[in-house]
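Good morning, colleagues. I should like to take a few minutes on one structure, beginning with a pair of helices and then turning to individual elements.

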Amino acid sequence: MDKKNGPNDIVAGYMRYLKLERNYSANTLDAYRRDLRRLLDFMAREELTATEIQLENLQTFAAELHDMGIGPSSQCRILSGVRSFFRYLLTDGYRDDDPTELLESPQTAEKLPEVLSVSEVDRLEESIDLTRWEGHRNRAIIEVLFSCGLRVTELVTLKLQDLYLEEGYVRIMGKGSKERLVPISNRAVSELMLWFDDRCRMNIKPGEESYVFLNRRGAHLTRTMILIMIKRQAVEAGITKTISPHTLRHSFATALLEGGADLRAIQELLGHENIGTTEIYTHMDMTALRREILEHHPRNMIK
């Protein structure tokens, strides 16, 4: 190994790699940087460098995460970032080996995400007060999230030029600046057109004209605004499940799978890079099937 860079240069190079080659967003980069800081602090206490640390040292680091009371899922996320860091060091010539190859992550109990049925989505939309100026906007937001399976960031950054309503699809710029085309339902198009009737009468801030969804001051919405709206609407609809904008994305995928859609097609529509991420919906579908068997199979009936 002939690299001479110091630790700060190595970390800076790694962050450039994540930004430029992996196309990670600013939020994702911040998360990687925070998690890597835990490892760097550990290495400083142990007087180790990134080129010296070995598997047994990393096992001690992993044990410390547990002792600090960090939950299994957060431990897995941190250790995943550590593996990514050492793969970078190996690929870029800082190390001749990868000490994380045999590093194990804690077992996590699989927690399936909450989903809404179609009737619950309908209740959510029907509970909206259409006499309020934002009524049609909020119905359009919920219907687009459910009909297209968008991430909330994809929704708040959606532009008018991304809508091809006559053709029946929208263009989405997803994670890693990866573009995908997603069909949009006639119901979602109808709700958008009602919102556009209200939108055209607004005073829109300069520079905000291209955003599909706006707040009352004529600026584009934030993720937090969408979260607050959906949680408030769930209360109005009498839905007791803990839901968020992402719940509608999960509901979109689950509805497709239950309707017989191919898993690869769902992967493309959701913009998942890895099919393994999409496979969680097969577990959700099996959970629903098991419930149906327990409730309706004659062997399970109480006589």
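**Helix packing and burial**

In this predicted model, helix H6, residues 135-148, packs with helix H9, residues 223-237, at an angle of about 95°, and their axes are 11 Å apart. H6 is therefore roughly perpendicular to H9. On the H6 side, the contact is made by Asn138, Ile141, Ile142 and Leu145, which meet Ile226, Met229, Ile230 and Gln233 of H9. Of the residues in this contact, 6 are nonpolar, 2 are polar and none is charged.

Let me place this pair in the whole protein. There are 13 helices and 3 strands. Of the 303 residues, 41% are buried. Among contacts between residues at least 6 apart in sequence, 57% join residues at least 24 apart. The protein exposes about 17600 Å², and carbon and sulfur atoms supply 50% of that area.

The buried residues of H8 pack against H6 and against strand S1, 163-164. Those buried positions are Ala188, Val189, Glu191, Leu192, Trp195, Phe196, Asp198 and Arg199. As for length, the 14 residues of H8 should span 20 Å at 1.5 Å a residue, and the end C-alpha atoms are 19 Å apart, which agrees.

The next element is helix H4, residues 72-91. Its 20 residues should span 28 Å at 1.5 Å a residue; the end C-alpha atoms are 28 Å apart, so expectation and model agree. Which residues of H4 are buried? They are Gln75, Ile78, Leu79, Gly81, Val82, Arg83, Ser84, Phe85, Phe86, Tyr88 and Leu89. Their cover includes helix H1 (7-21), helix H2 (26-46) and helix H3 (55-67). After H4 comes glycine 93, with a positive phi near 85°.

Beyond its neighbours within four places in sequence, glutamine 75 is in contact with Ala62, Leu65, His66, Ile70 and Pro106. The C-alpha atom of glutamine 75 also lies 9.7 Å from that of aspartate 35, although the two residues are 40 residues apart along the chain.

To close, I return to the opening pair: H6 and H9 pack at about 95°, through a contact that holds no charged residues. Thank you.

Methods: Residues are numbered from 1 along each chain as its sequence is written. This is a predicted model: local features need pLDDT of at least 70, side-chain atom pairs count only at pLDDT 80 or more; totals for chains, interfaces and linings use all residues. Side-chain values use heavy atoms; hydrogens and water are left out. Helices (H or I, at least four residues) and strands (E, at least two) are DSSP runs, numbered from the N terminus. Buried means under 20% relative accessible area, exposed over 50%, partly exposed in between (1.4 Å probe, protein chains only). Contact means heavy atoms within 4.5 Å. Accessible areas come from the Shrake-Rupley method with a 1.4 Å probe; for residues, only the protein chains shown count as cover. Axes are lines fitted to C-alpha atoms, for helices over the stretch in contact, and angles run from 0 to 180 degrees between N-to-C directions. Angles under 35 degrees count as roughly parallel, over 145 as roughly antiparallel, 65 to 115 as roughly perpendicular and the rest as oblique. Ala, Val, Leu, Ile, Met, Phe, Trp, Tyr, Cys and Pro count as nonpolar, Asp, Glu, Lys and Arg as charged, and the others, Gly among them, as polar. The expected span of a helix is 1.5 Å times one less than its number of residues.
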